[in-house]
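Please look through the sequence and the model below before reading on.

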Amino acid sequence: MTHRISRRGINAGIGAALISPAWGSARALAQSGEPIKIGFGMALTGPLAANGKQALLGAKIWEEQTNAKGGLLGRPVKLFYYDDQSNPSTIPGIYTKLLDVDKCDLVVGPYATAQAAPAMPVVIQKGKVFISLFALAVNSAFHYPKYFAMLPSGPDTKPAFTEGFFQVAAAQNPKPTTVAMAWADLEFSHNAAEGARANAKKYGFNFAYDRNYPPATTDFTPIVRAMQSTNADLALICSYPLDSVGMVKAINEVGYTPKMVGGAMVGLHATTFKNQLGPLLNGIVNYETWVPSPKLLTPDVQKFLTQYQSRAGAEGVDPLGYYLGTWGYAYLEVLADAVTATKSLNDDKIAQYLHSNTMPTIMGDITYNKDGEFTQSRMMQVQYHDIKQGAGLDVWRGMGYQTVLTPGDLKTGDVIWPYSRAKTS
């Protein structure tokens, strides 16, 4: 039976219910001692929730499977989590409560860069291991030795989201030369835009437009018109989910047709937004972290996705779980592997193990560098194409509407160039 325990947050505004796991009674009796408490915040409401809810279901599946196998160190595991409401200001209070009031043994990150960054001072002060979830370069300022990322951006974190975008553009003949870039005034987009500037210099591009916009922006037409007025070859956008949707709609409404559009648009991966945009996505070139191509759809991933998808409807989450369900499972796998290997909940021992060993997960083997980033980038750029009105889950489930453009070892086809051709193909 699942128990739901309501508590008052130590900060007004946390206001979330604490949810404890379901345990099989026979297995629970076989385990001894108090449960190992693992705490985190997660975006379960607000603009990040479409992805946060995927991650939570992945984490819950990990919890249930771990307890069915006897838990960790002979003890059951119990997830403590709070809705951060997609609001970074809730994060310090949530992590303080998890550690000081709930007395969690271990903590892992919330979803997204903007959420993970404000957690860092709390976990650093407490000396806790911190495995973040899809947080871009948040340790680049802290260099905290107990930080570890669950994001396949690799050691050169900031440029990773857009390098493939520039690689594809630079390979065209004649080569385009100018870029118009718009980016949200948030931690992720700041970092991605900084990386885009490095990539532009590396591949020989100049910026005709490089401006941010407030996070609360809802009308993107003026931004798109300003980008259009520069007549730049490429339109590069670093955005969060609702911004990404608004940008795609504005680009189509205005009739903006640079030679290539996309880059680092968070949110387009979620099924709810794919359903909302449909053919408006045609031609967009965007980053990806995983797709169901034959090279990436391993038996381990397929096994997880079968379980996730069988539960998604009842849980009210993304029906596929491709973007964050898998990674929400994997970041707890990494933590559990280190706990098991060290036979300890000591954060120093866990961190030392993570820095010194290869961690097997359903998403492949992971090794970490000194700043806790993957030692090798696995980021991709894909292009959406041939999406028809009314496309649904059968389309989004496969590879028929998307082509992997980079990296070369995962490439499934060539870019449709220019963007206007992909829109009408």
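Glutamine 54 is part of helix H2, which covers residues 49-68; helices (H or I, at least four residues) and strands (E, at least two) are DSSP runs, numbered from the N terminus. This is a predicted model, in which local features need pLDDT of at least 70 and side-chain atom pairs count only at pLDDT 80 or more, while totals for chains, interfaces and linings use all residues. Residues are numbered from 1 along each chain as its sequence is written, and side-chain values use heavy atoms, with hydrogens and water left out.

**Glutamine 54**
- With a relative accessible area of 1%, glutamine 54 is buried (under 20% relative accessible area, 1.4 Å probe, protein chains only).
- Leaving aside residues up to four places away in sequence, glutamine 54 touches Tyr308, Asp318, Gly321, Tyr322, Tyr323, Leu324 and Gly325, where contact means heavy atoms within 4.5 Å.

**Cavities**
- There are two cavities of 30 Å³ or more in the structure; a cavity is a set of points, on a 1 Å grid over the protein atoms alone, where a 1.4 Å probe fits but cannot get out, and lining residues have an atom within 4 Å of a point.
- The largest cavity holds about 110 Å³ of space, and among its 17 lining residues His269, Lys274, Glu288, Tyr322 and Tyr401 lie nearest its centre.
- The lining of the largest cavity comprises nine nonpolar, five polar and three charged residues (Ala, Val, Leu, Ile, Met, Phe, Trp, Tyr, Cys and Pro count as nonpolar, Asp, Glu, Lys and Arg as charged, and the others, Gly among them, as polar).
- The second largest cavity, with a volume of about 70 Å³, has a lining that includes Tyr111, Phe134, Tyr240 and Tyr323.
- In the lining of the second largest cavity, 10 residues are nonpolar, one is polar and none is charged.

**Sheet and helices**
- Seven strands form an open sheet with mixed pairing, in the order S9-S8-S10-S11-S12-S15-S16; two strands pair if DSSP finds at least two bridges between them.
- Strands S9 (206-213) and S16 (402-406) are at the edges and have a single partner strand each, so one side of each is left without a neighbour in the sheet.
- From one strand to the next, the twist averages 25 degrees (axes are lines fitted to C-alpha atoms, for helices over the stretch in contact, and angles run from 0 to 180 degrees between N-to-C directions).
- Strand S15 (residues 380-384) runs antiparallel to S16 and is joined to S16 by four bridges, and tyrosine 384 has glutamine 402 in S16 as its bridge partner.
- Helix H10 (residues 241-254) lies across S8, S9, S10 and S11, at about 155 degrees to S10.

Terms used
Buried < 20%, exposed > 50% of the residue type's maximum accessible area, 1.4 Å probe, protein only. 1 Å grid on protein atoms, 1.4 Å probe; cavity = no way out; pocket = protein on both sides within 12 Å on 5 of 7 lines; lining within 4 Å. Points joined across faces, edges and corners; volume = space filled by probe spheres on them.
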